[in-house]
Amino acid sequence: MNGEHQSPSKFVKKNRSKVDINQLSEGILAGNRTMLAKGITLIESNATHHFDSAQELLQKILPYTKKSIRIGISGVPGAGKSTFIEKFGTDLCNAGHKVAVLAIDPSSTITGGSILGDKTRMEKLSANESAFIRPSPSEGTLGGVHRKTRESILLCEAAGYDVILVETVGVGQSEAIVRGMTDFFMLLAITGAGDELQGMKKGIMELADAIVVNKADGDNKRNAIKTKSEYNRILHFLQPATVGWQTQAYTVSSIEGDGIVELWEAIQTFVEQGKAMGVFEARRKEQTKEWMRQSLTHHLHNMFFNNEQMKTLIPKLEQEVMRADKTVSIAVVEALQVFQNSLNKH
């Protein structure tokens with residue numbers, strides 16, 4: 001099945017011989033989904049001997065990236081994200097687009113599992129030749145999830161996917177993470193205006209370029225329209241997520257397909273307007289700069305805590321702080337001095 005997690009051993013020999021980056025990059029640029037899955041597996045690998053190969057691959061395909069619209073999708077529990085993504089993605093594929101669905105699941109860094117591991121929830125889209133579905137990394141630190149998802153986006157773009165849907169499966173901080181790596185961010189909501197509006201925090205609403213009231217069909221349609229009006233009333237008073245763009249609420253039916261075309265037209269208008277104003281490119285550049293800073297922080301963190309001297313010193317300092325023998329600040333300065341001295345010796 002497309003997008004399945006491929007074992008690195010399928011294309012990396014047991015003796016850790018070099019990955020054939022030319023073959024891999026050529027396959028990805030040709031739109032080969034198996035090669036794309038292998039490329040993402042290489043990126044996701046936590047093995048240190050795969051890191052250099054992964055970066056070499058990315059360097060090769062970098063000139064062929066950025067030709068997509070990156071759409072972030074989040075939503076309250078029960079909002080019907082899977083059904084919406086399947087309908088939205090299928091309609092886009094039928095209209096001639098190539099759609100990649102990536103999930104980012106910060107909670108998986110704690111539980112060790114990815115909710116999107118069961119792709120049967122998007123059976124129709126999974127089977128579409130113009131679609132590619134990939135679960136989020138199921139292990140590693142949050143910084144690792146950041147990097148792996150961002151780099152997976154680049155590989156998908158190089159493979160010709162012009163619409164990248166980045167779904168947040170986790171809760172809490174995941175909305176801000178996805179907002180920071182996409183162009184257009186939408187929040188899926190459901191009817192039941194009173195409780196629903198109270199449940200969605202103002203801070204999260206201010207991240208959104210659109211609020212999509214799903215399940216606007218059957219007896220629920222009237223309530224969905226009412227909920228949309230309630231959201232639009234509130235959004236009028238909030239700070240827009242994107243300069244020059246007024247965030248609005250929309251209604252869609254993922255079952256009947258109503259509202260999908262209108263939503264896509266709004267996204268296209270957003271892109272055209274953002275590019276004309278320079279906002280679109282400015283956001284991309286700012287996101288890349290922020291990604292670099294996050295990566296630096298992540299690598300420095302790993303260097304510090306994987307340092308052999310730190311492995312011995314930190315537990316000792318923690319005990320001294322807990323006994324109130326030292327202040328936290330003094331312990332931190334001591335640890336940093338020892339770390340710096342160990343670097344100077346090398």
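**View 1. Ile73, a buried residue of strand 1.** With a relative accessibility of 0%, Ile73 counts as buried (buried means under 20% relative accessible area, exposed over 50%, and partly exposed in between, using a 1.4 Å probe and protein chains only). You will find Ile73 in strand 1, residues 69–75; here helices (H or I, at least four residues) and strands (E, at least two) are DSSP runs, numbered from the N terminus. Leaving aside residues up to four places away in sequence, Ile73 touches Lys81, Phe84, Ile85, Leu165, Val166, Glu167, Thr168, Val178, Phe185, Met186 and Leu188, where contact means heavy atoms within 4.5 Å. Val212 lies 139 residues from Ile73 along the chain, and their C-alpha atoms are separated by 9.9 Å.

A word on what is shown: this is a predicted model, in which local features need pLDDT of at least 70 and side-chain atom pairs count only at pLDDT 80 or more, while totals for chains, interfaces and linings use all residues. Residues are numbered from 1 along each chain as its sequence is written, and side-chain values use heavy atoms, with hydrogens and water left out.

**View 2. The protein as a whole, for orientation.** The protein has 15 helices and seven strands. Of its 346 residues, 49% count as buried. Among contacts between residues at least 6 apart in sequence, 77% join residues at least 24 apart. The protein exposes about 17,400 Å², and carbon and sulfur atoms supply 54% of that area; accessible areas come from the Shrake-Rupley method with a 1.4 Å probe, and for residues only the protein chains shown count as cover.

**View 3. Strand 3 with Phe132 and Arg134.** Phe132 sits in strand 3, residues 131–134, and is buried at a relative accessible area of 0%. Tyr161 is 29 residues from Phe132 in sequence and 8.6 Å away in space, C-alpha to C-alpha. Further along, the side chains of Arg134 and Glu44 meet in a salt bridge of 3.2 Å, N to O (a side-chain nitrogen of Lys or Arg within 4 Å of a carboxyl oxygen of Asp or Glu). Arg134 lies in strand 3 and Glu44 in helix 2 (residues 33–44), so this pair ties together parts that are 90 residues apart in sequence. Arg134 is buried at 1%, and Glu44 counts as buried at 10%.

**View 4. Arg284 and Asp183, a buried pair.** The closest N and O atoms of the salt bridge between Arg284 and Asp183 are 2.7 Å apart. Because Arg284 lies in helix 13 (residues 279–306) and Asp183 in the loop between helix 8 (174–179) and strand 5 (184–189), the pair ties together parts that are 101 residues apart in sequence. Both Arg284 and Asp183 are buried.

**View 5. Salt bridges in helix 11 and beyond.** The structure holds 15 salt bridges. One of them joins the side chains of Glu230 and Arg233 at 3.0 Å, N to O. Glu230 and Arg233 are three residues apart in helix 11 (residues 221–235), so about one helical turn separates them. Glu230 counts as partly exposed at 25% relative accessibility, and Arg233 as partly exposed at 48%. Elsewhere, Lys316, Glu320, Lys326 and Glu334 are linked in a network of salt bridges.
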